[in-house]
Amino acid sequence: MAAHKKASRKGKPPIKNKKGAETKDICFTIMPFGGWFDDYYETIYCPAIEAAGLIGKRADDIYRPSTIVHDIWQYTQNAKVVLADLSGKNPNVFYELGLAHAATKPAILVTDSIDDVPFDLRALRVLEYNKNQPNWGEELRQKITASIKEIIASPLQSVLPAFLTVKNESKNSTVSEQEKAFLELKSDFDLLRQEIAHVGRQISPRESRVNMREDRINPDEAREKVKLYLKKGMPEEMIVRRLTEVGAPRSWVIRKIDEYTTKKESENTPNSSE
């Protein structure tokens with residue numbers, strides 16, 4: 001597996017216990033790196049994880065000169081919960097999610113399209129977001145926080161039954177035969193419910209067209225477009241519409257418009273001391 005590209009942000013130092021070992025109260029986040037995903041991690045995922053009482057970690061928090069797969073496996077084993085963004089069907093994400101399943105870690109799946117979630121995984125907790133909806137980031141934060149708290153209270157509900165073992169001397173997560181049968185039945189029911197909801201979902205022609213064009217612009221390009229459009233005097237709603245149609249989150253565009261407008265007004269305000 002190719003090594004992840006390290007993000008430019010500075011990772012937080014590991015939280016360690018008295019013996020020098022890293023604590024297990026972490027939520028390991030599995031997701032693509034770069035572009036909008038780095039912004040989502042900093043402004044949505046980490047705050048949501050911290051609000052649930054855990055510490056957010058991602059593979060690019062690792063700075064040791066060791067094999068990346070080994071370090072990812074260690075993070076996975078030490079995690080209390082795994083949060084995986086499956087948007088775009090990134091192969092590294094699916095590989096790491098497979099490791100989490102093998103370690104019987106409870107997982108929350110996040111995606112901007114249910115089509116990116118394999119059919120067999122739809123029985124798990126899946127949070128779908130639409131970044132063109134107002135306040136989508138805040139809503140997703142709240143859903144992730146609530147999901148983490150629910151999983152901490154009942155972790156086996158978010159583990160695929162196939163990876164559970166009946167009680168014996170194994171160190172893996174164990175349940176009784178009756179409990180496993182119940183979880184398998186619940187998993188099948190949740191899978192059927194997800195599929196019915198997916199089939200019944202109606203997508204407008206415009207939404208379909210927007211989905212086909214999304215992620216065509218990266219954050220740096222979007223910033224330059226906002227500045228250019230404002231300089232040309234383009235109405236704010238038109239700026240929002242143009243950029244959201246090529247993948248920029250609506251709330252992000254509105255925030256940048258406010259930032260640049262406020263900065264411009266400040267520059268044009270005469271200094272009172274003069």
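Select Leu140 first: beyond its neighbours within four places in sequence, Leu140 is in contact (heavy atoms within 4.5 Å) with Ile44, Tyr45, Val110, Leu127 and Tyr129. This is a predicted model, in which local features need pLDDT of at least 70 and side-chain atom pairs count only at pLDDT 80 or more, while totals for chains, interfaces and linings use all residues. Residues are numbered from 1 along each chain as its sequence is written, and side-chain values use heavy atoms, with hydrogens and water left out.

With Leu140, they touch the most other members of the largest nonpolar core, which has 38 residues. Such a core is a set of buried Ala, Val, Leu, Ile, Met, Phe, Trp, Tyr and Cys residues joined through side-chain atoms within 4.5 Å; buried means under 20% relative accessible area with a 1.4 Å probe, protein chains only.

Colour the contributing elements. Two or more core residues come from each of α1 (36-51), β3 (79-85), β4 (107-111), α4 (136-153), α7 (219-231), α8 (236-244) and α9 (250-268). Helices (H or I, at least four residues) and strands (E, at least two) are DSSP runs numbered from the N terminus. The largest share, nine residues, is from α1.

Now show domain 1 (26-165) and domain 2 (219-265), whose bounds come from an automatic or database domain assignment. Both give residues to this core, so the core lies between them.

Then select Ile30, Leu97, Val117 and Leu124. They are among the 22 residues of another core, apart from the largest one.

Finally, show the whole chain: nine helices and seven strands, with 41% of its 274 residues buried.

How values were computed:
Buried means under 20% relative accessible area, exposed over 50%, partly exposed in between (1.4 Å probe, protein chains only).
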